[in-house]
Amino acid sequence: MQIGTRLKKLRLNKHISVYKLSKLSDVSENYIHAVEKNTSQPSIAIVEQLLAALGVSLSEFFNDSENILYPSDDEYQLIQNYRSLSQNEQQAIFNLIKL
């Protein structure tokens, strides 16, 4: 899958308009459209800007597995908070979720 096609799929899955992505990433709407139509090849720096605005890492984006999950903003916050807990606290949260 080409970068533009993959980027558009990700953007649509996250329910983000090109306008909003442009504002979040500081990349012009016209350029985003060109990338998504695969008529322009973005630099890695631009891809990083776009992905950061979408909350996705380069490794997640370029992973070819169809099973990859892109966490929402709330899920990402939960993960960050979970990682800041002690091992005992993480285990308690994990056990609570399993219930």
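Biologist: Why is N38 called partly exposed?

Modeller: N38 has a relative accessibility of 28%. Buried means under 20% relative accessible area, exposed means over 50%, and partly exposed is in between, with a 1.4 Å probe and protein chains only. At 28%, N38 therefore counts as partly exposed. The model is predicted: local features need pLDDT of at least 70 and side-chain atom pairs count only at pLDDT 80 or more, while totals for chains, interfaces and linings use all residues. Residues are numbered from 1 along each chain as its sequence is written, and side-chain values use heavy atoms, with hydrogens and water left out.

Biologist: Where is N38, and what is its phi?

Modeller: N38 lies in the loop between α3 and α4. Helices are DSSP runs of H or I with at least four residues, numbered from the N terminus. The phi of N38 is positive, about 60°, although N38 is not a glycine. Most residues other than glycine have a negative phi.

Biologist: What makes H15 exposed?

Modeller: Its relative accessibility is 74%, so H15 counts as exposed. H15 is in the loop between α1 and α2. H15 is not a glycine either, yet has a positive phi of about 55°.

Biologist: What makes the side chains of E36 and R11 a polar contact?

Modeller: The distance is 2.6 Å. A polar contact is a pair of N or O atoms within 3.5 Å; within protein, one must be able to donate a hydrogen and the other to accept it, and residues adjacent in sequence count only if both atoms are side-chain atoms. The side chains of E36 and R11 make such a contact.

Biologist: Why is R6 called buried?

Modeller: R6, in helix α1, has a relative accessible area of 14%, and therefore R6 is buried. Leaving aside neighbours within four places in sequence, R6 is in contact with M1, F61, F62, N63 and D64.

Biologist: What about S25: buried or exposed?

Modeller: At 5% relative accessibility, S25 counts as buried. S25 is in helix α2, and a polar atom of its side chain lies 3.3 Å from the backbone nitrogen of V27. Beyond four places in sequence, the contacts of S25 are I32, Q49, L50 and A53.

Biologist: How do you know that the buried residues of α2 line one face?

Modeller: The buried residues in α2 are V18, L21, S22 and S25. Seen down the axis of α2, they fall within an arc of 105°, so they line one face of the helix. The arc is that of the directions from the helix axis to the C-beta atoms. Their cover includes α1 (3-13), α3 and α4.

Key: Helix = DSSP H or I, 4+ residues; strand = E, 2+ residues; numbered from the N terminus. Contact = heavy atoms within 4.5 Å.
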